[in-house]
Each structure stands twice: as C-alpha cells, then as structure tokens.
Amino acid sequence: MGLFKLKGFPGTGSFPHGVHPPDNKALSANMAVEVMPTPRTVTLPLLQHLGVPCKQIVKSGEMVSYGQMVGKGEAFVSASLHAPIAGKVKRNTMVNLPNGRRLEALTIEADGEQLPPERIWEDVKFTQWPKDGFSDYAPMDIVKKIQESGIVGLGGAAFPTHVKVMPNDTRVIDTLVINGCECEPYLSCDYRLMVEAPDVIVTGALLTARAVSAREIVVCVEDNKPEAIARLEQAAQNTVVQIAVVKTKYPQGSEKQLVRAVVGLDIPLGGLPADAGVAVSNVQTIATVARSIVKDIPLTHRVITVSGRGICNPKNIFVPIGISLAEVVDFCGGLTPDAARIISGGPMMGFSFSDLSAPVTKGTSGLTILTHDEVRKAEETNCVRCGRCVDACPMNLVPTKLGLAARYKNPELAAQYHIRACVECGSCSYVCPAKLNLVQLIREGKAQLNAWERR
Amino acid sequence: MNSAMSFDDRPGRKPPFISVAGSPHISDNRAGTRRMMVDVILGLSPAIIVSLYLFQFYALKQILVCVVACLAAEYLFVRMRGNAFTLKDCSAMVTGIILGLSMPGSAPWFVGALASFVGIGIGKIVFGGVGMNIFNPAMVGRAFVMIAFAQLMGAGAYENVTGLVDAVSGATPLSALKFNGVETGIAPLFLGVTNGSVGEVSALACILGGLYLIYRKTASWQIPASILITVALIAGITDLAGGYQGLFLLHHLFAGALMFGAFFIATDPVTSPLTSKGKMIFGVGTGCLIMVIRLFSGYPEGVMFAVLIMNAMTPLINSWTIPKPMGQQKEA
C-alpha cells in the first residue's frame, strides 16, 4: 500500500491486506475474442440475477425474432429477458444453475434466418461510438432504456443495472467507477473487451454518468494489463473519462476495496456504494449500456473466458446468453483427461458444478477448469494461529476466530467478530497453511447467526 | 492431448472424476504447517551448531534426550487419547530442540526427559494438541524442572561442566553480574564464548536464525522487535541511572536467553496474539517482565517465566485488539 500513490485521485491505488494468487492470465489473455456459431437451442432462466423472476410474455409454439422481449421484468428489482436467436419458443424446462439454484427456464429453438453473430461482434468493435452529445439524453430516459434492455451487472453479481443507476435525491453520486480490474485468476474477458473495443466502453461510461449525474468518471484497470490501459487512454482522449491504474492484487475488483483504492472512501458496513457517493459498474455492463442506448440492442450476448489447464484450448468467446455450457466446452476442444474441477467464474469465488447442460446466464463471466494438481486439497490440519488469515483479510476481520465460532456453533462470538462484514473473497482460505476451509465455515457461521437471531 | 482419449491412455493415470466443493478452489502451495516447522528447525540450526561447538558432548546429550523424549511423549499421549499419528508435522521435534537448547549442559538425562514429558503432556496434549495450547510447551516443561530440580538447574549447575574451556564453565554472565557484580566483556557475550544454557549463549547465532524466520514469515517481526526495544529501554534507564556508560545495556541485551527467547520462544504463533497490535503489546509486556525478574527477583534470568505469564495474557490481548472491519462507522 503505502508507497504506491495514485496520481490525480484521492485513493492510494491499493487497499490494506489482500493476497497475490498467480494470475495465469497468459493462458487466454492474448487470444482474440472468437465468435461462437449460433446454437440450435438456447435455454433462458427466468431469473438470472438477484431479485424477482421476470414474467414470461411469449407462449410455447410462438415464433420470436432476434432481440424480441420474451420476459418482462415487472417488479422493481427485476430484469427483462430478450431472445438471442430467432426461432420458436418450446416448452419450459427446469435447469440446475452452477450456483445451486434450480429454476424454470424458457427454451427457444433456432428457426429461420439468423443474424450472424460475427456481425454483432464486429458491430461492437468497429462502430464509431459517439463520445459527446449526451446532453440530448434525459437521465430517466437512459435508466428506462437500460431497464427495457434487460441489463444486469455482467461482473458476476448480476444486479439489475437500472436500480443501481436510478437517480436518487437522498444519495447523490459524485463518482462513477467502472471496474476493469478483473482480479480473478484466469479470467480475461473484460481485458479482451478493453483491448478490442475500448470505444464502446467510453461511450457507455459517458451515458451512465449522465444517468446518475456523476461528476467524475473513472475506469479502473490493474497494472498487469498495460495494453488495455493504453487502448482505453487513447479511446478516452478529449473526454472527461479518466483512467486509474491500480495495484494488481486480489480482490482489487471487489467494490469495497476498489472504492477505497481509487476514491479513498470506505463503503459503510451493510451499506451500498451510493452511501459513499459512488456507483460501481463492470466494463462489460457499461459496454452493453452503450449498445442499448445508441443502437437499441438489448442484452443478448456477452464475452466469456474459458480457461484453466483442464480445457484443451483456452479461449475468449462471444456467446449468446442461454447457450449450453457443454457446447462452449466442446468449442474449446473439450476437457483434458486430468480435469478435476469445473468452475463458473474464477477459482477464488466461482461456483463449482458438474452438470454441463446448464446454460450461460447473464452473470456467467467464464469457465475455469482446474486440473488435479491445481485444485485445493481436502486435508485440513489444526489451526496454529499463525495469523496469516488476519494479514490477508481485505475487510480487516479475524477469519480464524470466525471459523472457530462456526465450528463450535457460537453465534455470539461470530457477531462480536463482525462475521457479516465478510465478503467471502477467499483470501483467508487461500493463504491458510493448515488448509482450513475458512470461507465454508464462515458461510455456515452466517447461517447460524441468522437462525439464532430469528429464534 | 484431447478429450477423446480413453481412460487407459490418460497420462499420469489420475482418477478421472470431476469434484465439486465450495470456493476458493485454489490454495497457496508455498504455505504449509509442516513447512513452517521445518523453517523453525532451519532457523535454530546456527544456535545448534554453536552449542555443539562450544559445549560438545553436553549439548549433544541435551538436544538428543529432549528430542527423543518429546517425540516419544507425543506418540504415547496421542495414542492414549485415541487420535491419529501426528508426529509428521514436526511440532514435537521443534519443542524438543528448543527445550534441549534451553537446558544447562550438566543437567542429567532424566531432567530433560521429564521436562519433555511434562511439556508435551501438560503443555500441549491435554489442551487438545497442536494449535490448542495456551502456554508454550517447551517453557512449561522447563519451568517444571526448574522448580522441581532447583539445584540441578540453578546457577550452580552451569558450573558443573568439566573438560571445556574456562569461559564456558564458569558462572553464567547474568548470575555473575547479579550475585558477584562481575561483568563479562561484550564481544564474548555477542559471539557466545560464555556459559549459559547450551543454545542461548551466542546472541549472533540467535539473531541470524531469527532473521531467517522473520524473512520466511514464520515468526512475526513485531514480537522480537518490541521485546528487544522494551528491554533496551528499561536496561538503558538503569544503565543511565547507574552510570554504567552503556555496558549494562549491552550486557542485558546479549546475555542470557533474551535473543533466543525473543526470536524462538516468544514468537510461537499458537501462544501469542493474532493481530499486529496485539503482538506489540505482547512483546512490550514480555520485555517488562523479563527485566523485572532479572533486576528485582531472586532469579538471574527471566525469559522463561515472562513468556509463560504473557502466554496467559494472550486471550485477553486478543479480545482487546479485535480489529475494526473496513467500513465500520465510528461510534457516535
């Protein structure tokens, strides 16, 4: 921390503690985004984010065209769903998502002429994205368009974006922070977007800032991505968008840590970034906002990374939402013989799963496939109170005590040590010499505390 | 390599299954409890080598007796509790080496053996094994025999070694200073050509080994730093008050078990606080107690009891120093 100063910004460019897992990005960082051919079917879960499922507005047997709304998000914290391919709606099915949820999903079978997906990707890269003239857009119109386009956070948490950027009189937003950190090992989809299509990001940033009426706009990138930084700086020339280069550390992309690093403010416990006057959004989400406002295209496709030593050919792919993960894995040459763990997301916080028939959802940032050698071993030994977890926790907690409280079912001790402040980033489990599953214990501890408070 | 390979062709013949588990899915391969113990043994090796060179057979006897007895004690007691074999993690060996290095050369074999059994049994296993103890096991064992066999472990015992150079068979520097007012030169104290427990004599060896441990992050730097600074401050004040012109201060820094205790005994992670602030408080407390015992009590050396008393304070220090989570508002 200390010596690393961030020129032009209040923060220091880093946050206390954190860990440095090997980033392994070389496996996929230099692979240009490939476009996945149109699949035969897509499966669209009606709920792909936090909040309320959308209401399906097409019936089985109906023909839909590309981009047609097939599910309407009627509640406030809900997002609409759009068809990524042209075809016929089939009967709904139940799907098991990697995060463990079992949900109803709409299926569409491809039928008729399809919009070539290569065209969609080229559109993202080569359009002359406007960098000014945004005062023509009213903030609430931008928010409404975001809601109509079904945009949710594409960084992983998938929170409906229109809720996040809704203008609010009680919580004024000063700074819009655009998260291009991508601190998880292996993942490189955001990086490729920044290198190949930086202009769409700048346009989206300006539009989103107009929606929240933010004065400052900062795109944050870790210092292990010099090419992305250069491309973004070039794209943001002559605009008010600033580029902040932050220290490469895990979990730099976590919103509390990023806001601390760049703006120098702490988001209050139990609060939102808006409480600190900041709105944080992922680069891909911002790019999707630009496409929705300028080109009237809803969220139907995204870039994901398939990487790890357990996949034959690591790639960054532009995929339609709803394509099955099995097709994606096959597109990358299939699993290697010593593949041991399939993870939706990155290895630090991703969900491991085994059912590859699950679809790509809006929140899927990629697949990481680890081999037997890389995967964490199961044997735990005794905690020797070495304190490495305390030195690693980016939230300043004492993970060993939290694990103890969970193991011995002591919710009061857990509350005393602020168990709810834990963001489950995995830094403590990562460094533990005894290989304790601290995050798993903390999850149990939180559940125990909830149950105890409800008694 | 492609996924169409049959099971028999797979290189390495690893089991062909996909497993699921909670996140995170990777861990830092450089860290490991056994690796930490091996580092401690490596850090102790300068002190071991100096002790073998100066005390020869006496050092060898103490170290061997204590290591063997610690391993035997751990094996026996763990079996009695019906638990799995735990000698693999080397923690008993580390306790044995530290205990052996803190014995006077002339102590009979049964003293070292008894110290080991008491240290491992009452200091560690009874609390639940590795990571569960409150007191430093080596110090528990040593305190027990110190009091039970006062003559065999007291000041006179250090002078009972025969066949060695005079410097290492006279009175120990601290007892010479306390009881006879005799000062030892600073250079012999620093290098170790003086009498004392077989491992503690050479400040240089302890510092070198200790710095290695700090570099490897196996020992925290806060504890040795705060102990040494506190001792230096208190000895410095006494030095100024008595007009010793710095000799008293350096004497106390380099003589006795201070260096050995500061780097190898007080830094035991199980029995010291978790947070940085807690470690500093622990070190300051240990330093104060060391000097109080050295200056005002009947014992010439205070490290052992100081560490044991501060070990008892560790849970309290931990609850005093619960860190504030990021984003917690100040109390209105």
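1. Directly after helix α11(B), B:G256 adopts a positive phi of about 70°. Helices here are DSSP runs of H or I with at least four residues, strands are runs of E with at least two, and both are numbered from the N terminus. The model is predicted: local features need pLDDT of at least 70, side-chain atom pairs count only at pLDDT 80 or more, and totals for chains, interfaces and linings use all residues. Residues are numbered from 1 along each chain as its sequence is written, with chains lettered from A and ligands numbered from 1 in the order in which they are written.

2. Helix α11 of chain B spans residues 247-254, and its buried residues are B:L249, B:H251, B:H252, B:L253 and B:F254. A residue is buried if 20 or more other C-beta atoms lie within 10 Å of its own, exposed if 12 or fewer, and partly exposed in between, with C-beta atoms placed from the backbone. The buried residues of α11(B) pack against α7 (173-180), α8 (186-191), α9 (203-215), α10 (222-242), α12 (258-265) and α13 (276-296) of chain B. Contact means that C-beta atoms, placed from the backbone, lie within 7 Å.

3. Between the chains, 58 residues from chain A and 40 residues from chain B make up the contact. On the side of chain A that touches chain B, β15(A) supplies the largest share, five residues. That side divides into 31 nonpolar, 17 polar and ten charged residues. Nonpolar covers Ala, Val, Leu, Ile, Met, Phe, Trp, Tyr, Cys and Pro; charged covers Asp, Glu, Lys and Arg; the others, Gly among them, are polar.

4. In chain A, six strands form an open sheet of mixed pairing, in the order β1-β14-β13-β17-β15-β16. β1 (34-35) and β16 of chain A are at the edges with a single partner strand each, so one side of each has no neighbour in the sheet. Strands pair if DSSP finds at least two bridges between them. β15(A) and β16(A) run antiparallel and are joined by three bridges, and A:I343 stands opposite A:S352 in β16(A).

5. The domain assignment, automatic or from a database, gives domain 1 (118-295) and domain 2 (388-453) in chain A. Six residues of domain 1 of chain A are in contact with five residues of domain 2 of chain A.

6. A:A205 touches A:L176, A:I178, A:I217, A:V219, A:V241 and A:I286, leaving aside residues up to four places away in sequence.

Note on methods
Contact = placed C-beta atoms within 7 Å.
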